[in-house]
Amino acid sequence: MKKTIKIFACSLLMSLALSSCEDYLTSEDFDAIDSGTFISNVTNAQTAMNGVYSTFYMDWTWRGEIYYYLLFATNELEYRHAQETYIPLKNFGYTPEAPWFFGYWRSHYLTIGRANDVMTKLKALYNSSELTDADQVSIDQMIGECYFLRGFGYFWLTRSFGDKLPSHPQYDPKGMGVPIVDEVIATKEQLIKSRNTLEECWAYIIDDWKKAYEKLPATWNGKSVGGTNKIGAATKGAAAGYLGQAAMYYGNKIFPDGSEQSGYERAKYWFEKSMQEGNYSLVKDIYWNFDEAHENNSESIFEIQFDNKTPGYSGSYTWRLLGAEPSFWGTVNVSMQYVDKFAGGNNLTQALYDDMIANPGTYIGGLPNPKKAFPLVVEKAYRGAIDQNFSDRFAFFESYTGSWDALAEEINNALASQGVKRFDIRNDDKKWGTADSKYVMAITKASAKDDDPRMYASFYIPNRDSIRNIENGEYTGYSIYRTSYYGYKKGIPNDATQSWSSMGRPDNDGHNSINQRIFRLADLYLQYAEACWFTGASSTAVEYLNKVRRRAWGLDIDTPSDKDFISGDFFEALVKEREKELCLEGQLHFDYLRWWDGPYGACTRYASRGFDPTKHHRLPIPLGERQSVGLGVLLQNENY
């Protein structure tokens with residue numbers, strides 16, 4: 001909950017059945033478990049509840065590094081850094097020894113461990129006859145939060161480390177899932193657990209979320225419990241929404257929630273329950289889902305709360321990890337593969353052509369010589385393209401049919417005659433002669449037309465956006481973003497503070513306060529549309545896809561428009577809509593795994609980057625964890 005959930009000190013964590021600030025499955029200090037009297041009233045119950053939510057602030061999860069796993073896999077992001085910890089995530093170079101997987105595994109078990117401990121103590125308090133009726137309701141709702149968060153932890157673990165998703169053609173319910181720990185850990189022996197079956201794991205997740213659905217309120221309505229504002233806490237709508245997500249992995253298979261219906265049928269049912277209970281609505285501007293001013297808005301189903309401005313709270317580290325300026329912060333850029341999905345075509349107007357010739361510095365940054373070369377490229381390669389319409393930047397690039405090597409010589413000679421010595425445009429531009437040439441990219445960016453507006457909420461766009469300018473570690477106002485690549489924008493402020501020392505927070509350098517929205521209504525609408533399509537409710541499916549599309553173009557979501565999908569391949573349209581709406585949010589990787597071997601599945605999308613379908617549909621069980629538990633007890637996934 002914003003400005004409420006605190007990062008706890010180690011001493012308090014131990015009273016919550018944990019042995020260190022970093023680890024859950026460790027062997028020390030099990031005698032530090034509290035006797036059971038710690039949670040004695042609603043106030044300290046809420047304090048303990050905050051401690052469960054605070055596991056989301058770990059380095060390996062929504063503090064930021066989880067996006068390396070989710071967005072490198074899909075190639076939404078490209079890595080520009082040399083940190084060996086993350087390089088294997090770029091091209092499926094996974095090994096069980098990698099420290100990233102060890103931290104990722106333990107972070108989710110940390111959530112589970114705290115949820116187990118707090119739930120046990122809450123149940124004891126609930127049954128103690130020491131509460132007022134109102135307090136008993138509050139405690140029961142907190143128990144619902146524990147069920148939700150424990151199910152959430154197992155959902156991520158099972159999808160990431162379980163042998164196969166239920167959507168996989170060779171899914172075996174008896175295959176290996178992850179170890180289920182449903183008790184407070186008091187002895188080392190309790191940690192020596194083998195992997196439960198996938199069937200058991202999914203049943204456990206579903207049961208936890210069904211119990212959460214029964215106990216949680218539809219809304220907290222700004223309610224304060226134990227001195228804590230409950231904004232951002234799990235709700236009935238979130239539990240139903242995640243049950244719908246789980247059901248999507250079953251598709252036409254029976255969903256094991258006791259209904260005897262297919263996954264698509266139950267997804268439709270649970271998504272409708274979520275919409276009904278949550279009373280959600282799409283916000284007017286998609287960017288409101290990624291800024292600080294509109295957190296916990298009407299579109300939010302579940303989001304991770306961050307605040308780096310107040311001592312005792314945690315900031316997001318995404319600005320440092322993913323920020324738009326790798327020369328100072330940041331380690332990534334958005335791949336052109338995903339930028340191109342937003343393209344509507346190109347048209348080089350006469351006015352734009354004239355301005356490029358007259359003002360090259362507006363379109364291309366860097367040293368003087370490239371600025372002198374740029375108008376020559378425009379004139380000699382694309383004068384013949386003026387006022388023609390092209391479907392995309394590749395068609396525009398190919399409109400020049402001459403020799404790029406001959407053009408390079410012509411430009412080099414022209415610059416030499418102007419007194420520019422020892423300049424070769426091919427050395428200046430390593431992608432010369434391709435559509436990714438920095439000169440061609442500058443032209444196509446400027447001549448783009450009818451681009452999907454969501455690109456402006458998703459990417460820092462060269463020569464369009466502004467970011468805070470830093471020179472020699474000092475701020476010097478704002479400057480145009482002039483790098484040759486698109487930057488990650490969702491949840492990344494353009495005015496992030498480099499140093500919080502002036503506010504007494506030197507420990508929070510590189511952090512920001514923007515919440516991470518990890519499940520929002522537009523995502524649910526598109527999954528609901530997919531479920532409707534595969535259960536025969538085609539008109540409803542089309543309408544919910546179009547609601548998302550209309551909002552993207554600033555139109556009334558309930559009024560038919562010229563942007564609507566009307567006919568054609570619905571599933572293709574749905575995939576493209578999810579890619580544009582949810583790009584950079586960490587949702588698409590599990591979509592591609594779920595769709596698996598079709599034209600939009602992981603087998604196809606990832607094939608060129610080292611993806612092995614017999615191996616990389618799940619992560620390796622961390623070697624360090626197997627060594628702690630026992631190599632013969634905690635078995636490895638096949639082919640690792």
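# Close-up views of a predicted model

**View 1. The largest nonpolar core and its members with the most contacts.** Within the largest nonpolar core, which has 155 residues, Trp62, Phe148, Tyr154, Phe302 and Phe459 touch the most other members. A nonpolar core is a set of buried Ala, Val, Leu, Ile, Met, Phe, Trp, Tyr and Cys residues joined through side-chain atoms within 4.5 Å. Buried means under 20% relative accessible area, exposed over 50%, and partly exposed in between (1.4 Å probe, protein chains only). H5 supplies the largest share of this core, 13 residues. Helices (H or I, at least four residues) and strands (E, at least two) are DSSP runs, numbered from the N terminus. Tyr154 is in contact with Tyr109, Ile112, Val178, Pro179, Ile180, Val181, Tyr204 and Ile205, leaving aside its neighbours within four places in sequence. Contact means heavy atoms within 4.5 Å. A second, separate core has 33 residues, among them Val377, Ile425, Ala435 and Val440.

The structure is a predicted model, in which local features need pLDDT of at least 70 and side-chain atom pairs count only at pLDDT 80 or more, while totals for chains, interfaces and linings use all residues. Residues are numbered from 1 along each chain as its sequence is written, and side-chain values use heavy atoms, with hydrogens and water left out.

**View 2. Confidence along the chain.** The average pLDDT of the protein is 89, and 90% of the residues score at least 70. Here pLDDT is the predictor's confidence in each residue, from 0 to 100. Residues 2-35 have a pLDDT below 50; this stretch has 87 contacts in the model beyond near neighbours in sequence.

**View 3. Two aromatic pairs.** The structure holds 66 aromatic pairs. Rings of Phe, Tyr and Trp (its six-membered ring) pair if their centres lie within 6.5 Å; planes under 30 degrees apart count as stacked, over 60 as edge-to-face and the rest as tilted. Tyr57 and Phe306 form a tilted pair, because their ring planes stand at 45°, with the centres 5.3 Å apart. Tyr57 is in the loop between helix H2 (42-53) and helix H3 (66-74), and Phe306 is in the loop between strand S4 (300-304) and helix H9 (318-322); the pair links distant parts of the chain, 249 residues apart. Both Tyr57 and Phe306 are buried. Trp105 and Phe161 form an edge-to-face pair, at 5.0 Å centre to centre and 85° between the planes. This pair also links distant parts of the chain, with Trp105 in helix H4 (residues 99-126) and Phe161 in helix H5 (residues 133-161), 56 residues apart. Trp105 is buried at a relative accessible area of 1%, and Phe161 is buried at 0%.

**View 4. Charges over rings.** A charge sits over a ring if NZ of Lys or CZ of Arg is within 6 Å of the ring centre and within 35 degrees of the ring normal. Arg63 lies over the face of Tyr317, 4.3 Å from the ring centre. Lys563 has its charged end over the ring of Trp553, at 3.8 Å from the centre.

**View 5. Salt bridges between parts of the chain.** The whole structure contains 48 salt bridges. A salt bridge is a side-chain nitrogen of Lys or Arg within 4 Å of a carboxyl oxygen of Asp or Glu. Asp140 and Lys215 meet in one of 2.7 Å, N to O. Asp140 lies in helix H5 and Lys215 in helix H6 (residues 198-215), so the bridge ties together parts that are 75 residues apart in sequence. Asp140 counts as buried at 19% relative accessibility, whereas Lys215 is partly exposed at 27%.

Asp163 and Arg618 form a salt bridge of 3.1 Å, N to O. Asp163 lies in the loop between H5 and H6, and Arg618 in the loop between helix H22 (602-605) and helix H23 (623-629), so parts 455 residues apart in sequence are tied together. Asp163 and Arg618 are both buried.

View 6. The closest N and O atoms of the salt bridge between Arg517 and Asp291 are 3.9 Å apart. Arg517 is buried, with a relative accessible area of 5%, and Asp291 is buried, with 13%. Elsewhere, salt bridges that share partners join Glu299, Asp452, Arg454, Lys490, Arg520, Arg549, Arg551, Glu577, Lys580, Glu581 and Glu585 into one network.
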